[in-house]
Amino acid sequence: MTATTIDGKAFAATLRAQVTTHVAVLKADHDIVPGLAVVLVGEDPASEVYVRNKAKQAGECGIRSFETRLDAATSQAELLAVVQRLNADPAVHGILVQLPLPAHIDANAVLGAIDPTKDVDGFHISNVGQLSVGQKSMVPCTPLGCLLLLRQFHKGGLAGSHAVIVGRSNIVGKPMAQLLLREHCTVTIAHSRTRDLPSIIGGADILVAAIGRQEMVRGDWIKPGATVIDVGINRVTRDGRTRLVGDVNFAEAAEVAGAITPVPGGVGPMTIACLLLNTVTACCRAHHLPEPAGLAELGL
Ligand SMILES: Nc1nc(=O)c2c([nH]1)NC[C@@H]1CN(c3ccc(C(=O)N[C@@H](CCC(=O)O)C(=O)O)cc3)C=[N+]21
């Protein structure tokens, strides 16, 4: 058996095209331009790449982007002041503070200071709570992207499927579990202390791997025909060249799975497309205008 490769890059481009259309209507009918503010503290080379990609793709969709770069020694009070300025700025509809933050800053205090209606990462405690009880909220971009891929590419429907999520982070694992529960999956969350991970994974119709360890999931752990979503982005050096690999051994898994996302070109581009979708959604909600398809379709 050879799996279908899920083309996240192409699906993300389709999503961005829908966002672009919605942005054009906002401009033409209401003279409104959605704005996304990204705040970067310190100089992490990987973060630089993401921030640049976000700004570029925002621009291509007609979203205005605002960048605030602060040096690594910035105090928590200074960062909070920046967040408060962006909260008050009517041209800013979405605020993203790039994580991780330097160790001297309390990330929860910063995320908690973001206006929840502008919290396009969905990390504010009020959005986390709303998602957990099934109320309209901002949904974290990576799990949202994974769900949109699953709704499109998982054969046979999500309801009743056994989804195994490996990883329990607030950014991916936990919100992913909430979203899949809403889709009527049977959800198992596994993690680094899980006993006999291969046998748990072996029961999965849907596997979401968000572990952060390169190629840890082996092909013979996977149930034949399963849909595999690989959230991992690990930079490795092989034969003197650096490249990206996921948390799943792709070559092995592709022999067993029904469908699988590649790295790169799978979940990553969907994360950015969902960030843009969330920004336009936040803008529409702020102006009491119809939202783009996306969260609404999920009842969120
Ligand atoms: N507040 C916050 N929100 C985030 O969403 C957030 C963050 N902080 N900190 C860093 C991580 C990482 N992240 C990625 C997004 C897209 C790709 C992506 O598009 N990856 C491409 C490859 C890019 C490359 O070649 O390096 C792909 O997988 O095809 C990767 C990583 C968002 N993050």
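1. Domain bounds here come from an automatic or database domain assignment. On that basis the protein, seen in a predicted model, has domain 1 at 30–120 and domain 2 at 141–268. Between the C-alpha centres of domain 1 and domain 2 there are 28 Å.

2. An open sheet is built from 3 strands, in the order β3-β2-β4, with parallel pairing. β3 (64–70) and β4 (94–97) are the edge strands; each has a single partner strand, so one side of each is left without a neighbour in the sheet. From one strand to the next, the twist averages 15 degrees.

3. Strand β2 (residues 35–41) runs parallel to β3 and is joined to β3 by 7 bridges. In this pairing, valine 38 is placed opposite glutamate 67 of β3.

4. An unreviewed UniProt entry carries the annotation "binding site" for Gly167, Arg168, Ser169 and Ile233. Such annotations may be inferred rather than shown by experiment. Two of the annotated positions, Gly167 and Ile233, are taken up in the next points.

5. Glycine 167 sits in the loop that links β5 (162–166) and α7 (173–182). Is this residue, glycine 167, buried or exposed? Glycine 167 counts as buried because it has 23 C-beta neighbours inside 10 Å, and the cut-off for buried is 20 or more. Once neighbours within four places in sequence are set aside, the contacts of glycine 167 are Val172, Gly173, His191, Ala210 and Ile211.

6. Isoleucine 233 belongs to the loop between β8 (227–230) and β9 (234–238). With 19 other C-beta atoms within 10 Å, isoleucine 233 is classed as partly exposed, because a residue needs 20 or more to be buried and 12 or fewer to be exposed. Leu244, Val263 and Gly268 are touched by isoleucine 233, residues up to four places away in sequence not being counted.

7. Which residues are closest to the ligand? They are Gln98, Leu99, Pro264, Gly268 and Thr271, out of 18 residues that surround the ligand.

8. By element, α2 (45–61), β4 and α10 (267–286) each provide at least two residues of the shell around the ligand. The most comes from α10, which gives 4 residues to that shell.

Technical notes
Residues numbered from 1 in each chain as written. Predicted model: local features only at pLDDT ≥ 70, side-chain atom pairs only at ≥ 80, totals over all residues. Pairing = 2+ DSSP bridges. Axes fitted to C-alpha atoms, helices over the stretch in contact; angles between N-to-C directions. Contact = placed C-beta atoms within 7 Å. Near = placed C-beta within 6 Å.
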